[in-house]
Amino acid sequence: MSFGDGSWNKDRREPMALQRRIAILGTVALIAFGVVLFRLWYLQVLSGDRYLAEAQGNRVREVTVQAPRGDILDRDGETIVGNRTALALQVRKDELPERNAARTKVLKEVAQLTGLELEKVRKEIEEQTELLPSSPVTLQRDVPTSVVLFVRENQARFQGVSVDRVYVRQYPQGVLAAHLLGYVKEVSAEQLEEPEYAELEAGDEIGQDGVELTYDSVLRGVNGATRVPVDAAGTPTGRPTSVREPSQGNDLVLSIDSELQAAGEEGLFGRSGAFVALDVENGEVLAMGSAPTFDPSALAKPEISQATAESIFGDTQMTGTGAPAFNRAIAAGYPTGSTFKPVTALAALEADALTPTEIINDDGLYQVGTQEFRNAGDEVYGPIALREALQVSSDVFFYTLGARLEEEIEKDGDEYIQDWAMDLGLGDVTGIDVPGEALGRVPTPEWRNELFEDGDTDRPWSVGDNINLSVGQGDLLAAPLQLAVAYSALGNGGTVVTPHVGLRTEDPEGQVVQEITPPPAREVEIPDTWRGPIMDGLLSAAMEPGGTSYSVFGNFPVEIAGKTGTAETIVDGAEYDQAWYAALAPADNPKVAVVYTIEKGGFGVDTAAPAAREILEEYARNYLSVSQRQIDEAAATPTATTGTVVAE
Amino acid sequence: MAVVSGPRPRVQPRPRPYAEPRESLLERAGVLRLDFALLAGAIGLIAFSIYTLGQATSEDIPGDPYFYVIRQSIYATVGIALMLAVARVDYSRFRELRVGIYSAMVFSICLVFVFAEATRGSRRWIELPFFTFQPSELGKVLLILVLAAVVIDRAQHESSWRKTGRILLLGGIPGALVFLQPDLGSSLVYGVVTFAVLFIAGTPWQHIAAIGGLAALAVTVVLVVAPAADKPILQPYQEDRLTSFLAPSEDAAGTSYQINQSLISVGAGGKTGRGDESTQTRDGFLPERHTDFIFAVVGERYGFMGAAFILSLYALLIWRALRIMTLSKNRYGTIIAGSIAVAFLFQVFVNVGMNIGIAPITGIPLPLMSAGGSSVIVTFLALGLLQSIHVQSQLSSGSRGTPLLR
């Protein structure tokens, strides 16, 4: 190597040395250009299509277009739940400016627009993004038009901020049927993991309770999508092109009759309780309500404050006070009081512990060992048969049956009352298409003895338990709907229906998509020789002087078979009377079963029966072609109640 | 490599009625002694730059679609005028002015620290009435003039190590100042220029190996050791830029955003380009599209054909520079021409490399293509020097005419 000697000016004497260095430079240049050209060839010619696709994707943002949910209609086609559009101010965190200063500037503007504090805006964005990382953060719904225009006109200043149209559930009839409707809320992160919500994206709304939940897949629409060409700042640069039109969910027609429902709810105003009106033939629920109630539109908002949530949901473990969202019609369990007596009667008749005409002397007191069971109000009805026992609601009569049937249990283990109660639908869910049903409880010797063996109660099963059960007291727990199903079976001659509120689904044009068929009903054999006297007893209880609810129904234009009930319930350690009324109408060919209960309502005849009458009047007008005039005239006719102390 | 000129076939000029005088105006101005291929390449590039800017940046400045076009045209005009002026000057004169030039250069770079407004965190520009002047750009050419002069000066009476050290020191001072502005890209060019002068001047191979070793050590310290010792020399963004091209898909929205967008732009251009459908450029996905990433604009708009066309113009320039290096009448010219060629090659390679994801993002503009007055004018100055060397070599070979400036 000629340069190795360290002499600087050798190349002057040796021009070849310079030539060599120039050659090296040339070679380096050639290699550099070669590398660049080779890379360019690779990028542009070999991978051009891939990068072109990326560039296309770069400038197009696919925007989900929310599909409105289907409406929920009552059986006459009246809208109970609809939609309204609201404009929501939304922020996409990943599209906010990257630089801190610029980002703060945008957020400050947003804070000013929405009237929120900057820190609050930041917090909302952080929290909601953490919860649902891929969906935009809704900062405000129902944004005023002026704000909408301002944001759209100054989109450059609001990088990452957009105003989008969203659908919000609307309840034209207010709180009507709130419990069975349920509510709609954004799908939660946990729900997204479930297979039934597999096709959903974060931010989609789903029904969270009531029929909104049961029929969610019917009501939920299919979101559409549009592609919007955008520049690097996310500002639209052209017209959005629709990729997929959003398709509205199908409408759900309920069996609910809004007028019946309203009549029922009126009777509960200011009290706690529940009611059910059930078509005895097919199990269609005409009305079902619970009180206290809540405003479902409060739950239609994207985020619900802690205070609102507590005021609506309370502690759902409690069946007693509070908890407006708690659906007492299906989820509560109460002793039913005397409304249970027809069940005891059926059991006794089947067990041959009673004949339809057998006379039992009611001397006002029934004694078993040292235990004494008395009629309510210490009434004495004297010698009576089944029909009169139901009419006046003699407790002693049924205590006697309870004691007799306890003997059957002791003799060969046949639990006639319990079996009949369960056959008629107590102690198990009815299968209604509204979520949240409670099992209830039909107390059996096995149940109590097991509890006793486990040390969970102080005594084993005894005859007193069966005697209490015979009048719907003691450990019996039933939901109003369960009792309505049992009365329906009595009314229709033995068909235990599956109650349901969903009738059919219709497409947005009103064409029927699908008739909803509930699971087939169960048949229980109730011979007419048993059913006859019982129905007679219930009819006379409502329509004949001396009957327990004659004071309420004696002048009713349609013959009613009805039973009052006054159940002793313990709420927060104190004993209260819970009022019940169970009715079948018309008595000779029952079409509807109505059950009404009012917590702390006192005697059934005083509160529950008048409330039930409201529903029955509405039913008579709508379904039994009774005119308003007839109803008004009937109401004006006095019933001979004076002097008759009615108790049960 | 001497140009071999064989005897040309003589064609007897036909007498024409209105024949011009033999010595045309152009000839008298010395224009005919210019290297026309070099001139054509440079003008082709600046024209293409203005054309591209006109198409790609018309919506960048609202209400002023020709903002960059007009400015670039003015810079080009001024630059070409300066180039022609310098071409007529005997570059050898600058040898005598080396101390003054060096002092002025260091002084102007220092001025930046005093006067310049920080733009995007960096002080590089001095505001003049019509122009923001970037001393570090001019310094690239001045440093070549000074170092080439010094390296010849100290030819005889010094030990070779001392001499190499002196050159390194002279190049290192402005390099370090520019680095502190901070302008990483320009300081790298200073380093490359210093190395180029040493290389062409014939620095022994041991020295070159030692410098290479030092450079490798410096890179290791800056990128690996210093961050590990928690005493970073580079700003975090600089480090990210330097290293993110190695893995552009990581953190696509963050540091490697620029690289990714640039790759998409270039790749999407395909063989023949997307023309007005160049959404990467049009819709603002590509950052710094009129300056550092203008090559990606060309790549997207005109595709492989356009990119290759530009590259071939650059290849032409570098070839002509290397050729002029061999023609030079003296060593000073040889070293200047060679260093300019190397500086050119380095800037083109690093800029294009960063556009296509094979070199780090260093903020080096693409000569003559990137919009920017200092860069364009200084590049023309350098081209003027090359022309001057060419002209002088033509004059000294005595083929025709008399020296114009002597």
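Helices (H or I, at least four residues) and strands (E, at least two) are DSSP runs, numbered from the N terminus. The model shown in these views is predicted: local features need pLDDT of at least 70, side-chain atom pairs count only at pLDDT 80 or more, and totals for chains, interfaces and linings use all residues. Residues are numbered from 1 along each chain as its sequence is written, with chains lettered from A and ligands numbered from 1 in the order in which they are written.

View 1. Pro292(A) belongs to the loop between β12 (285-291) and α12 (306-313) of chain A.

**View 2. Positive phi at Asp352(A) and Ser625(A).** Asp352(A), a residue other than glycine, has phi near 60°. Its loop is between α14 (341-350) and β13 (360-362) of chain A. Asp352(A) is exposed, with 10 other C-beta atoms within 10 Å. Ser625(A), with phi near 40°, is found in the loop between α23 (608-623) and α24 (628-636) of chain A. Ser625(A) is exposed, with 8 other C-beta atoms within 10 Å.

**View 3. The five-stranded open sheet of chain A.** The strand order is β12-β11-β23-β22-β21, with antiparallel pairing (two strands pair if DSSP finds at least two bridges between them). β12 and β21 (561-571) of chain A stand at the edges with a single partner strand each, so one side of each is left without a neighbour in the sheet. β21(A) pairs with β22 (residues 574-585) of chain A in the antiparallel sense over eleven bridges. Thr569(A) has Tyr576(A) as its bridge partner in β22(A).

**View 4. The side of chain A that touches chain B.** Here 38 residues of chain A are in contact with 44 residues of chain B (contact requires C-beta atoms, placed from the backbone, to lie within 7 Å). α1 (10-13), α2 (15-46) and α3 (48-59) of chain A each supply at least two residues of this side. The largest share, 17 residues, comes from α2(A).

Terms used. Buried ≥ 20, exposed ≤ 12 C-beta atoms within 10 Å, placed from the backbone. Contact = placed C-beta atoms within 7 Å.
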